Amino acid sequence: MDKNYVFVYGTLRRHERNHRLLQNAELVAEQAWTKGELFDTGLGYPALKQSETGTVYGELYEVSDHELALLDQLEGYKENAQDNLYERHKRTIYHDRGETEAYVYTIASHNEGMLRTPIPYGDWRVALFEKEQGNVLYYAYGSCLDDERFKLAGADHFFQQVVGCGVLDGYTLRFTKWMADGGRADIVEEGGVVEGKVYDVPRECLTYLYRREGVRSKLYRPALVDVSVNGETLKNVLTFIVVEKDPETAPPDHYHEEIVRGGTGFLSDAYMAGLKKHVETLEK
């Protein structure tokens with residue numbers, strides 16, 4: 001029997017209201033993406049329009065025939081029907097381990113009048129997060145472990161509240177963003193563990209973070225992850241992930257020093273030793 005792979009981008013994602021339909025499904029990749037345009041319908045859920053331009057982020061699951069039937073019901077889809085809310089197509093889904101052909105629910109062409117506002121960054125969960133009020137939990141795993149550049153930018157007052165050492169399971173720290181002087185840090189969903197600092201920052205700090213991470217120029221994108229601090233899981237913590245990953249390159253000395261300075265005495269000794277060994281390997 002063929003496996004059913006499904007890419008979800010809206011209310012079926014983790015911590016969203018319809019995720020219960022996937023609670024027993026196998027998560028293949030929580031950082032997955034495909035081509036298309038994502039819109040807010042104004043009805044409490046997004047819709048994906050088929051397109052070869054734009055990028056939409058979501059999660060990839062392997063589902064049973066029964067689970068797929070439940071998704072069809074939710075999405076208002078019946079095979080060969082003329083009045084479907086969504087259509088179900090197979091599209092190429094990209095993730096850090098490669099590519100997978102998966103089902104995607106896209107808005108039926110006769111319902112495109114429902115499409116209202118384009119969703120920034122092609123990420124529904126980030127769009128919801130940006131509409132919230134109050135402080136933000138921010139997960140730093142690279143140079144933002146250190147406060148030297150915070151001080152130079154006059155932004156160090158944003159980062160005074162440190163929640164603790166955050167452990168991110170299922171990811172590895174890599175240096176996949178090529179710059180003229182060397183690589184920049186990234187989290188890659190290929191197994192392993194990444195350690196970092198979880199900050200509690202005021203929402204106005206996002207302007208600084210988005211600028212520093214090059215979000216407008218698509219160097220990094222905002223994403224939400226779950227991290228563990230002292231055994232407690234913190235949900236929907238903001239972090240930043242490289243958009244276009246390059247072959248891994250050793251970081252420049254000044255950048256590596258920021259990570260080491262910020263992580264020493266805060267992240268585990270074993271993790272710091274592994275980081276040092278990895279950078280030494282890249283430098284050979």
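These legends describe close-up views of a predicted model.

**View 1. The largest nonpolar core.** This core holds 48 residues. Tyr138, Phe159 and Val194 have the most contacts inside it. A second, separate core has 32 residues. Phe7, Val56, Ala102 and Tyr103 are among its members.

**View 2. Surroundings of Val194.** Val194 is among the residues with the most contacts inside the largest nonpolar core.

View 3. Helix α6 spans residues 269-283, 15 residues in total. From first C-alpha to last, α6 reaches 21 Å, close to the 21 Å expected at 1.5 Å a residue. Tyr271, Met272, Leu275, His278 and Val279 of α6 are buried. Seen down the axis of α6, these buried residues fall within an arc of 125°, so they line one face of the helix. The face turned away from the buried side carries the exposed residues Asp269, Ala270, Lys276 and Lys277.

**View 4. The five-stranded barrel.** Five strands form a closed barrel in the order β1-β5-β2-β6-β7. Their pairing is mixed. Neighbouring strands of this sheet are turned by 45° against each other on average, direction ignored.

**View 5. Pairing of β1 with β7.** Strand β1 (residues 4-8) pairs with strand β7 (residues 98-107) in the parallel sense, over two bridges. Val6 stands opposite Tyr103 in β7. Tyr103 is also included in the second core.

Key. Residues are numbered from 1 along each chain as its sequence is written. This is a predicted model: local features need pLDDT of at least 70, side-chain atom pairs count only at pLDDT 80 or more; totals for chains, interfaces and linings use all residues. Side-chain values use heavy atoms; hydrogens and water are left out. A nonpolar core is a set of buried Ala, Val, Leu, Ile, Met, Phe, Trp, Tyr and Cys residues joined through side-chain atoms within 4.5 Å. Buried means under 20% relative accessible area, exposed over 50%, partly exposed in between (1.4 Å probe, protein chains only). Helices (H or I, at least four residues) and strands (E, at least two) are DSSP runs, numbered from the N terminus. The expected span of a helix is 1.5 Å times one less than its number of residues. The arc is that of the directions from the helix axis to the C-beta atoms. Two strands pair if DSSP finds at least two bridges between them. Axes are lines fitted to C-alpha atoms, for helices over the stretch in contact, and angles run from 0 to 180 degrees between N-to-C directions.
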